[in-house]
Amino acid sequence: MEVFSLKKMLLWLITVVNILWSTAECREPVLHRVGGGKYTWAPNMNFTAWAMHEEFYVGDWLYFGFDKTRYSVLEVNKINYNDCNDKNCMANITRGGRDVFNLTEARPYYFLSGRGYCFKGMKVAVHARYPPPDPAPLAVRNVCPSKSASHGLAMLLALFTSYAVIG
Ligand SMILES: *[C@@H]1O[C@H](CO)[C@@H](O)[C@H](O)[C@H]1NC(C)=O
Ligand SMILES: *[C@@H]1O[C@H](CO)[C@@H](O)[C@H](O)[C@H]1NC(C)=O
Ligand SMILES: *[C@@H]1O[C@H](CO)[C@@H](O)[C@H](O)[C@H]1NC(C)=O
């Protein structure tokens with residue numbers, strides 16, 4: 001009975017350590033599927049509403065899944081975004097229709113589809129920010145404990161548990 005509860009306690013400890021370790025100040029980059037769903041970049045969707053419920057941080061990625069024979073993904077400035085103007089785009093992101101874009105800077109980004117589809121709602125603005133500061137004062141910024149480190153710790157605790165259980 002005593003041994004059993006000790007084991008349970010240790011298992012609980014392992015879980016807690018793992019959770020703390022993985023949710024610590026280290027945030028993994030997120031891949032945002034623009035619009036959600038499989039074919040994410042399509043007409044008659046409200047990408048403004050979608051973007052409102054996402055948080056974009058520097059280092060995150062946008063994924064555009066679309067029919068490349070019809071649509072395109074162009075990065076434009078704010079004025080051209082507002083006007084649905086696909087001339088003089090800043091960058092043409094269009095590749096094979098499963099295209100990713102790296103949000104490398106803390107600034108607003110504006111995208112639209114050429115060939116008139118912007119007027120059918122194919123435009124999206126996202127504002128990439130720096131990740132919020134660490135809540136833990138002693139934590140070192142940008143030092144990500146590797147998965148193997150936390151697994152190693154869990155392994156050690158598991159080993160210790162079996163020792164305790166066996167005798
Ligand atoms: C899209 O959603 C936003 C935020 O909910 C709203 O303000 C806007 O009017 C919508 N646009 C269209 C075209 O429905
Ligand atoms: C893209 O973002 C990652 C973080 O997700 C960053 O480490 C990398 O340097 C960026 N790559 C390019 C080509 O800018
Ligand atoms: C963007 O690139 C795609 C694929 O290379 C091409 O078909 C399209 O014409 C380009 N659009 C513009 C506006 O440059």
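1. On how to read it: residues are numbered from 1 along each chain as its sequence is written, while chains are lettered from A and ligands numbered from 1 in the order in which they are written. Because the model is predicted, local features need pLDDT of at least 70 and side-chain atom pairs count only at pLDDT 80 or more, whereas totals for chains, interfaces and linings use all residues, and side-chain values use heavy atoms, with hydrogens and water left out.

2. S72 sits in the loop between β2 (61-65) and β3 (74-76), strands being DSSP runs of E with at least two residues, numbered from the N terminus. With a relative accessibility of 8%, S72 is classed as buried, a word that stands for under 20% relative accessible area, with exposed for over 50% and partly exposed for what lies in between (1.4 Å probe, protein chains only).

3. Setting aside residues up to four places away in sequence, S72 touches W41, F66, T94, L112, S113 and G114, where contact means heavy atoms within 4.5 Å. As for G114, its backbone nitrogen lies 2.9 Å from a polar atom of the S72 side chain.

4. A91 belongs to strand β4 (residues 91-92) and is partly exposed, at a relative accessible area of 24%.

5. Ligand 2 is surrounded by P29, G59, W61, N102 and T104, each having a heavy atom within 4 Å of the ligand. An oxygen atom of ligand 2 lies 2.5 Å from a polar backbone atom of G59, and a ligand oxygen is also 2.7 Å from an N or O atom in the side chain of N102. Of the 360 Å² of accessible area that ligand 2 has on its own, the protein covers 39%, areas being computed by the Shrake-Rupley method with a 1.4 Å probe.

6. Around ligand 3 are L74, N92, T94 and R115, and an oxygen atom of this ligand is 2.3 Å from an N or O atom in the N92 side chain.

7. Ligand 1 has N46, A49 and M52 around it, with one of its oxygen atoms 2.4 Å from an N or O atom in the side chain of N46. Here the protein covers 28% of the 360 Å² of accessible area that ligand 1 has on its own.

Definitions and conventions:
Helices (H or I, at least four residues) and strands (E, at least two) are DSSP runs, numbered from the N terminus. A polar contact is a pair of N or O atoms within 3.5 Å; within protein, one must be able to donate a hydrogen and the other to accept it, and residues adjacent in sequence count only if both atoms are side-chain atoms.
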